[in-house]
Amino acid sequence: MTTWHRTGHPTRKTRKTTGRRAVAALGLACAMVVLTAAPGSAGSGGPVGAPDPYFPLAGNQGYDVEHYDLDLDFTPATDLLVARAAIKAEAHRDLTRFSLDFSGPAVERVDVDGRPAAYSRDGQELTVVPAAKIRAGRDFTVTVRYRGTAAPIEDPALGVYGWINTDDGAVALNEPDGARSWYPVNDDVRDKATYTFRITAPAGLTALANGEPQGRPRTVGDRTTATWSMRKPMSSYLSMIAIGRFTVTDGRVGRLPNITAYDPAGDGDDAALHRTTADAVRWGQERIGRYPFDSTGGIIDRIDVGYALETQARPVYDGEPDEATIVHEIAHQWFGNSVTPKTWADLWLNEGFASYAEMLWQEEHGGPTAQEVFDRLYATPAADDFWHLKTADPGRDDLFDYEAVYLRGAMALHALRTTIGDRDFFTLLKVWAEKYRYGSADTRDLMNLARRISGEDVKPLFDAWLYTAAKPPPPRR
Ligand code: TRP
Ligand code: ZN
């Protein structure tokens, strides 16, 4: 029996348990001149688009990253990170300067296309002034060398994320804006890129990341280097590395590599993780469509953040996960990782879909039906806090609100399903995953697609379920 489980960060003040109790009740379970001025992200390479309203400092328009090549040398005994990030990008306009998001260790040197560049740091902005202007439409590579200790971001509302030093290594998991804690990044959720991770650590430790290994790890002296690559477009919040003592299971789901790992010092093992990950991938392939990445897997470590994260192709679990959590993180590979919201306000497109996938899975695996779960939650009185936020714009500090974003997001999908019917609804899920694969989409895109597929005017339903901070009228059956 699956248990319905998703915990937010334990320190969250606004978290209410109404929803979870309701569901649980059903048993658901040198030229390197350092600039002295403090230039913002503007200059002649200033923003083209609009920054995300929830994270106005993150992301830098004016260029678009194509590939991150990250060379990371890490020593757990001292937490020392010695790194080089080579970022290949395309200029969207003439750039005399540009900025990256970076809150990591001391920068030692910056080059642009192999020539030393001037740079300065101000808050989370690393501003780079190349020796020569970069022309609009041109590709360029900025290389940043840095060294020191990296630290996580500890946000009072969103919890702990970013680079986390563990007992025997480190784990980096970045949602929503933690990538800047360990590499210079264009931390715009819409700027997807491919990645190479070259991770060096003391021999005897294992390093994992998103995607697929490039050959076997190579040991020189007492240090081992492992290389991983993510060849499909990835939003920076989904990038991940894990270094430590790990027991790795290297298997397959059909032709797809399934690489799981667990920390042997923690409790449990990854036999269940490996098998359930494979089952969830197969189930998703049948119900949603083609699996979007070139491998799958999962990593269990002891990180004490209180949540699991759907890091691309290989989620990270904080301790041994239950089946529903694995299904949730694997569902995110289609919903969130491949099809990604254009802005953080639309996070329900990730969490509502992944939560609804859990409901669909459990109704097919001997649990209550999605309708039963919906009815139980819908019985929550209109005056209850359960309804007090907007699902499609909960506010930055309530981004991960379990009730508004996860449960009501899933309920919105169920209401849509009962309104347009099973056939059109399941077509919608498939077409959504296919049409926006490797791209970005918003709530309006979903509404338009639902309208096109069903021929129904679904706007009132979207307004009531997603854009109103109140209990919606009962859906049409
Ligand atoms: N996105 C994660 C998931 O649902 C959960 C998550 C990430 C989270 N960061 C968080 C939940 C912070 C609460 C607080 O799989
Ligand atoms: Zn989720």
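How are the donor residues of the zinc ion (ligand 2) spaced in sequence? Here are my notes, starting there.

1. **Zinc site.** The spacing is H-x3-H-x18-E. H332 belongs to helix α3 and E351 to helix α4 (residues 348-364), 19 residues apart, so this pair ties together distant parts of the chain. Helices here are DSSP runs of H or I with at least four residues, and strands are E runs of at least two, numbered from the N terminus. The zinc ion (ligand 2) is held by H328 (NE2), H332 (NE2) and E351 (OE), at 1.9 to 2.0 Å. Donors are N, O and S atoms within 2.8 Å of the metal (3.2 Å for Na, K and Ca), and water is not among the atoms, so a site may look incomplete.

2. **What you're looking at.** This is a predicted model, where local features need pLDDT of at least 70 and side-chain atom pairs pLDDT 80 or more, while totals for chains, interfaces and linings use all residues. Residues are numbered from 1 along each chain as written, chains are lettered from A and ligands numbered from 1 in written order, and side-chain values use heavy atoms, without hydrogens or water.

3. **Ligand 1, polar contacts.** I count N or O pairs within 3.5 Å as polar contacts. A nitrogen atom of ligand 1 sits 2.7 Å from a side-chain N or O atom of E175. For E310, a polar side-chain atom is 3.2 Å from a nitrogen atom of ligand 1. H328 has a side-chain N or O atom 3.2 Å from an oxygen atom of ligand 1. The protein buries 99% of the 370 Å² that ligand 1 exposes when taken alone (Shrake-Rupley, 1.4 Å probe).

4. **Ligand 1, the shell.** Ligand 1 is surrounded by 15 residues (a heavy atom within 4 Å), and E175, E310, E329, E351 and Y406 are the closest. Helix α3 (residues 323-334) supplies the largest share, three residues.

5. **Largest pocket.** Its volume is about 400 Å³. A pocket is an open set of points on a 1 Å grid (1.4 Å probe) with protein on both sides within 12 Å along at least five of seven lines; lining residues have an atom within 4 Å of a point. The volume is the space filled by probe spheres set on the points, which are joined across faces, edges and corners. There are 19 lining residues, with T206, A207, P213, P217 and W228 closest to the centre. Strand β16 gives the most, five residues.

Technical notes. Polar contact = N/O pair within 3.5 Å; in protein donor to acceptor, adjacent residues only side chain to side chain.
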